[in-house]
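User: I have a few questions about how the labels on this structure were reached. Please take them one at a time.

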Amino acid sequence: MFRNFVMMNKGKAAHILDDKLKEAMAAATAVAPGFSQEGIHAFRVAVKKLRAYLRLLNTDEGQPRLKLTKKFHHLYDIAGEIRDAQLKLEQVKKYRAALPSYIKELSASIASGKSNWNEHYDEAILKKLQKKLTAKQLHKLSSATLATFCKQHIKILEEAADAIPGDEMIHECRKSVKDMLYNTKLAEKHWTKAYGKVAHLPLATLDSLSDLLGDYNDERQLLDSQLAYLPRLCNSDEQTKLEKLSTREKKIKEEQKQLLLKELKRFVTAVAI
């Protein structure tokens with residue numbers, strides 16, 4: 001369906017945008033009523049891939065500025081809140097007997113998120129997003145655009161590798177890594193001239209870094225949730241158990257941070273060679 005080309009003509013660029021848009025829309029319609037972890041994850045990944053492609057297009061100054069609508073982004077945020085609570089519940093379910101109040105809090109958060117989704121979801125939101133993103137004509141996209149895009153994000157990773165990054169900087173690194181991975185994998189399949197300009201990058205290391213950043217993000221969110229809930233506990237026994245658990249999670253978080261920083265330095269060092 002896709003051919004190799006030096007310049008991605010406006011039909012091809014629009015075709016890929018349409019493909020990513022349809023994937024995100026289809027995944028959105030499949031979230032409810034099941035609200036499975038897999039379904040929500042599929043929706044969020046589809047949106048991230050669409051957003052990564054929009055950011056790639058926006059790297060080219062000649063392109064119209066494209067972004068998600070506020071209401072669609074709100075659905076994405078709601079789905080994220082549900083999934084975060086589901087993951088936290090999954091991670092602490094073996095402590096169900098010891099942490100009844102915390103488990104109840106997470107379950108209530110999931111129920112609230114589902115209700116919030118049902119309240120805000122409307123197919124009209126998807127249609128408005130589709131209309132907004134397809135209303136403007138895309139211009140020819142140079143095969144050098146992907147290389148420029150990657151250079152911008154590699155700079156963010158280099159700055160983090162040279163610093164002692166906090167959680168906010170690590171989160172920015174995760175977004176940069178995801179954007180590069182999604183767009184290089186897209187180019188490998190459908191835009192080989194552009195892929196040829198970035199194929200020298202240590203993409204396997206980038207993939208590994210992406211996994212480590214994801215694990216760290218999950219651990220960070222779990223720990224933040226535990227620490228935020230601790231002051232609200234009235235049961236001293238449960239509070240003690242949650243404090244012990246959060247101390248354990250702090251140690252795991254720090255270990256994961258050291259692993260991802262090591263992989264981050266490995267990537268930026270390989271890029272510099």
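User: Why is Lys67 called exposed?

Analyst: This is a predicted model. In it, Lys67 has a relative accessible area of 59%. Exposed means over 50%, so Lys67 qualifies.

User: How many aromatic pairs does a search of the whole structure find?

Analyst: Four. One of them is Phe43 with Phe72, 5.9 Å centre to centre and 80 degrees between the planes.

User: What makes the pair of Phe43 and Phe72 edge-to-face?

Analyst: The centres must lie within 6.5 Å, and an angle over 60 degrees counts as edge-to-face. With 5.9 Å and 80 degrees, Phe43 and Phe72 therefore form an edge-to-face pair. Phe43 is in helix α2 and Phe72 in helix α3, 29 residues apart.

User: How do you know whether Phe43 and Phe72 are buried or exposed?

Analyst: Buried means under 20% relative accessible area. Phe43 has 0%, and Phe72 has 0%. Both are therefore buried.

User: Why is the pair of Tyr102 and Tyr229 called tilted?

Analyst: Their planes are 40 degrees apart, at 5.6 Å centre to centre. Under 30 degrees would be stacked and over 60 edge-to-face, so the pair counts as tilted. Tyr102 in helix α4 and Tyr229 in helix α9 are 127 residues apart. Both tyrosines, Tyr102 and Tyr229, are buried.

User: Which residues do ring pairs link into a cluster?

Analyst: Phe43, Phe72, Trp117 and Tyr121.

Note on methods:
Residues numbered from 1 in each chain as written. Predicted model: local features only at pLDDT ≥ 70, side-chain atom pairs only at ≥ 80, totals over all residues. Heavy atoms only, no water. Buried < 20%, exposed > 50% of the residue type's maximum accessible area, 1.4 Å probe, protein only. Phe/Tyr/Trp six-rings, centres within 6.5 Å; stacked < 30°, edge-to-face > 60°. Helix = DSSP H or I, 4+ residues; strand = E, 2+ residues; numbered from the N terminus.
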